[in-house]
Amino acid sequence: MKAIRIHQVGGPEQMKLEEVETPRPAPGQVLVKIAASGVNFIDVYFRTGLYPAPTPFTPGMEAAGTVEAVGEGVTEFGVGDRVAYAMTRGSYAEYALVPAHSLVKVPDGLELETAAAAMLQGMTAHYLSHSTFPLNSEHTALIHAAAGGTGALLTQMAKMRGARVIATVGSASKAARARQAGADEVILYNEQDFEAETRRLTNGRGVDVVYDSVGASTFLKSLNCLRPRGMMVTFGNASGPVPAIEPLLLSSKGSLFLTRPTLTNYCASRDELLWRAGDVLSWVASGALKLEIYQTYELADAPQAHRDLEGRVSSGKLLLRIG
Ligand code: NDP
């Protein structure tokens, strides 16, 4: 089968399309014939080595496709089932081995490409808005990079829960996309001081929660945007990892809460995974949640997809079409 392989961490050029042996499922595993793989920022972290993985490896943490074979003991899935998953590495390939407990069935009528585009960022937006800081109509949230794949879904879910959303984005065209997603206010954070703007837009009070996936370049200022006892959710490193801080900083800025969540910990049980994936896929199928596909690439063009994602060119979802 064809797969993207990384033998040495580094730039996008380190991703090579190679011919490798198609794997066979071990007990508890399912071999999925991949139709489409999502491209996510976490793939960049593995490629650069920020998140370590033994080399060589195939990147990609999200896909949808059909079941090609099942390992011993797998009863929930059979050959030909349409399935989707997130957070098992190796989806930039024609086939991938996935633990059966990480798979969900794709509802009839939903295209596999759409399911591949929704899983990882959709379930992330779901846990952030429903569990890490469960939003309601009394809350105001500051959402950074709100036109991005995750940001646009998080903005929509925050609005579904009735919260007020202040969004930040890197360009005027992204501002329009954030507004389409439902943002009440949009700040161009490359041109405007987002701390001063957030204070102004909340009459000096500050927001209840900041969802910050940008990391190093926004973290400290984001703390200044919170009301006393507000929650800082730092969930990504698009501009680099956040350096260490003293806990006393949180007290001096108003007894703040700080968390650094990951999707894996918020899909800790089969029930939790089925709840989040079920909500996301059914909302996409009904049109309640809108996915914007920025571009669909061939597997061989994975390096270009990474350049577009890292270069802040893209908004919405980047996909690899494989099967
Ligand atoms: P996005 O589509 O959001 O792309 C990243 C965006 O970040 C860019 O478009 C850009 O938007 C913004 N950005 C700001 N500064 C930089 C920079 N220096 N370099 C590159 N981009 C920058 O990607 P994803 O939706 O895939 O991921 C978004 C974030 O969410 C990532 O940090 C990712 O790690 C995190 N994440 C975390 C998860 C978790 O469970 N912890 C799960 C899923 C995603 P703009 O131009 O508007 O500034």
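**Stop 1: the interface.** This is a predicted model. About 1,300 Å² is buried between domain 1 and domain 2. Carbon and sulfur atoms give 55% of that area. The size of an interface is often expressed this way, as the accessible area lost when the parts come together.

Now select Leu289, Arg312 and Ser315 in domain 1. These residues lose the most area to domain 2. Together they make up 32% of what the domain 1 side buries.

**Stop 2: the two domains.** Color them separately. Domain 1 takes in residues 2-120 + 266-321, and domain 2 covers 136-260. Their centres, taken over C-alpha atoms, are 28 Å apart. Domain 1 brings 16 residues to the contact, and domain 2 brings 17 residues.

**Stop 3: across the boundary.** What links the two sides? The rule finds one salt bridge across the interface of domain 1 and domain 2. It also finds 10 residue pairs in polar contact there.

Next, show helices on the domain 1 side. Which elements give two or more residues to the side that touches domain 2? They are α1 (41-48) and α8 (270-286). The residues on this side of domain 1 divide into 10 nonpolar, three polar and three charged.

**Stop 4: Ser129.** Move to helix α2, residues 112-132, and pick out Ser129. Is Ser129 buried or exposed? Its relative accessibility is 0%, so Ser129 counts as buried; the cut-off for buried is under 20%.

Show the side chain. It reaches the backbone oxygen of Ala125 at 2.7 Å. Then look at the surroundings, leaving aside neighbours within four places in sequence. Ser129 is in contact with Pro134, Leu135, Leu154, Met157, Arg161 and Tyr211.

**Stop 5: Thr234.** Finish in strand β12, residues 226-234, where Thr234 lies. Thr234 has a relative accessible area of 7%, so it is buried too.

Which residues does Thr234 touch, not counting those up to four places away in sequence? Select Asp212, Phe219 and Val242, then Leu258, Thr259, Arg260 and Pro261. Each of these is in touch with Thr234.

**To look back.** Return to the interface for a last view. Keep domain 1 and domain 2 in separate colors, with about 1,300 Å² buried between them. Then bring up Ser129 in helix α2 and Thr234 in strand β12.

Notes
Residues numbered from 1 in each chain as written. Predicted model: local features only at pLDDT ≥ 70, side-chain atom pairs only at ≥ 80, totals over all residues. Heavy atoms only, no water. Helix = DSSP H or I, 4+ residues; strand = E, 2+ residues; numbered from the N terminus. Buried < 20%, exposed > 50% of the residue type's maximum accessible area, 1.4 Å probe, protein only. Polar contact = N/O pair within 3.5 Å; in protein donor to acceptor, adjacent residues only side chain to side chain. Contact = heavy atoms within 4.5 Å. Domains from an automatic or database assignment. Buried area = accessible area lost by both parts, 1.4 Å probe. Salt bridge = Lys/Arg side-chain N within 4 Å of Asp/Glu carboxyl O. Nonpolar A, V, L, I, M, F, W, Y, C, P; charged D, E, K, R; others polar.
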